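Subject: Structure for you to look over

Dear colleague,

I am passing on the structure we talked about, and my notes on what was found in it follow below. Please open the sequence and the model side by side as you read.

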Amino acid sequence: MKKVYLLFILISISAFSQKTFDNIKSEKLGTERRITIGLPQSYEANPEKKYPVLYLLDGDYLFDPFSGALSYGAYWGDLPEVIIIGVHQNKNDEREDDSTVDQSTGLPFEKGADFFEFIGSELVPYIEKKYRTSPFRIIAGHDVTASFINFYLYKEKPLFNAYISFSPELANKMEVRIPEKFAKTTEPLFYYLSAADGDNKKIKEPIEKLDSNIKIANNPLVNYKYDLFKGTTHYTQVLHAIPSALYQIFEVYKPINSAEYNNKIAILETGYADYLENKYNVMSKVLGVQIPVRMSDFKVIETLILKKNAYDELGKMAEIGNVNYPKAMLGEYELGLMYEKMGDPKRASKKYQNASQMEPIGDLNKDLMYEKIDQMNTLAKTSK
């Protein structure tokens, strides 16, 4: 029954996404190339909002499973909404020509070089001109196209910020060139690599070498993950790998859960408010996702601050509240709470009074502020 319910959710969510098709006239390819475009559910209702973009090679068959996973994750608040662009490559087996590589140099060659330029100089600019995109770009592919996406890493400034490579048939020297690039990079990069235990030896051995070399490079700016899926084939592993890749790349986007709380936050001796601010700064500056601090995350940090008696950090929480919710009573309430805990009821009362004149938010409302004001005034009188 649970499986039927989850399937119903996925079908219902997918029905809300805007899936359209377009044909791009390409000078590089000398022909038109068909693409599938998936716009987020909120796209039309939020004319100022910008979205990360996921470019899918082998978009003919990767589009729907990626769309389903993203829709499901967004429904539960774990993944952001993303524009999806699927490049069609299988009508006339174009993917083989698109992925042509010079075996001696290990670089795109002839039609492969044309396709490389089509993506970088035609498709990406076309999408960014037509749609509201953030600077964060992701690219994904499977076997030969999974190898091909790595060529964009070779550029001095990589075209994409995140790479999803499913069972790549790695081009010559790629297992060395990629780690060399990672060792030198000075900007954040995300790289997801997967393989199936059913992949043949020709595919698996270079992948294992690549994995080993990336780990040796060990650059903290490279967010790297490798999955080897047991009991899967070259094709079935993709359905396991898609959510794993998306949750790796967008890990910081998720609301604070017990694992993040226990392993990253509660172990801190100080800087709880800074952790919250940094979490959302990474979303904005690295992932290109602009959302206000979730009240659930805010309350988790506030509760921990109170538990640790780190009352001075409530001042920073007030700043975060005012930046994210300038019309709400959150910021003034946090200052009132800080003065209350520090034993200054008079100043606390004044801040709660200010908060009572602002908009309610979450479980904060005028009645609570008036109750706090009465408590502080009583404390101020008895302390004289």
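In which loop is the place of Asn309? Asn309 sits in the loop between H11 and H12, and its phi is near 60°, a positive value in a residue other than glycine. Most residues other than glycine have a negative phi. Asp93 is another such case, with a positive phi of about 55° although it is not a glycine.

Before going further, please keep in mind that this is a predicted model, in which local features need pLDDT of at least 70 and side-chain atom pairs count only at pLDDT 80 or more, while totals for chains, interfaces and linings use all residues. Residues are numbered from 1 along each chain as its sequence is written, and side-chain values use heavy atoms, with hydrogens and water left out.

The overall picture

The protein has 15 helices and ten strands, where helices (H or I, at least four residues) and strands (E, at least two) are DSSP runs numbered from the N terminus. Its C-alpha atoms fill a box of roughly 85 × 45 × 45 Å, taken along the principal axes. Of the 384 residues, 49% count as buried; buried means under 20% relative accessible area, exposed means over 50%, and partly exposed lies in between, with a 1.4 Å probe and protein chains only. Among contacts (heavy atoms within 4.5 Å) between residues at least 6 apart in sequence, 71% join residues at least 24 apart.

The sheet

Eight strands form an open sheet with mixed pairing, in the order S1-S2-S4-S3-S7-S8-S9-S10; two strands pair if DSSP finds at least two bridges between them. Strand S1 (18-26) and strand S10 (222-229) stand at the edges with a single partner strand each, so one side of each is left without a neighbour in the sheet. From one strand to the next, the twist averages 15°.

Strand S3 (residues 51-56) is mostly covered, six of its six residues being buried. S3 pairs with strand S4 (residues 83-87) in the parallel sense over four bridges, and the bridge partners in S4 include Ile85 for Tyr55 and Ile83 for Val53. Five bridges join S3 to strand S7 (residues 133-142), and these two strands run parallel; here the bridge partner of Tyr51 is Thr133.

Asp93, mentioned above, has its place in the loop between S4 and helix H3 (94-98), and Asp93 is partly exposed, with a relative accessible area of 43%. Elsewhere in the sheet, helix H7 (residues 201-217) lies across strand S9 (189-196) and S10, running at about 145° to S9; axes are lines fitted to C-alpha atoms, for helices over the stretch in contact, and angles run from 0 to 180 degrees between N-to-C directions.

The helices around H11

Two packed helices are described by the angle between their axes and the distance between the axes. The axes of helix H10 (residues 272-285) and H11 come within 9 Å and cross at roughly 165°, which makes H10 roughly antiparallel to H11; angles over 145 degrees count as roughly antiparallel, under 35 as roughly parallel, 65 to 115 as roughly perpendicular and the rest as oblique. The crossing of H10 and H11 is right-handed, whereas H11 passes H12 in a left-handed crossing; a crossing is left-handed if the near helix is turned anticlockwise from the far one by less than a right angle, and right-handed if clockwise.

Helix H11 (residues 295-307) and helix H12 (residues 313-324) pack at an angle of about 165°, with their axes 10 Å apart, and H11 and H12 are therefore roughly antiparallel to each other. In this contact, Phe298, Ile301, Glu302, Ile305 and Leu306 in H11 meet Glu313, Leu314, Met317, Ile320 and Gly321 in H12.

A buried leucine

Leu335 is found in helix H13 (residues 330-341) and, at 15% relative accessibility, counts as buried. Leaving aside neighbours within four places in sequence, Leu335 is in contact with Gly315, Ala318 and Lys351. Leu335 and Pro158 are 177 residues apart in sequence and 44 Å apart in space, C-alpha to C-alpha.

With best wishes
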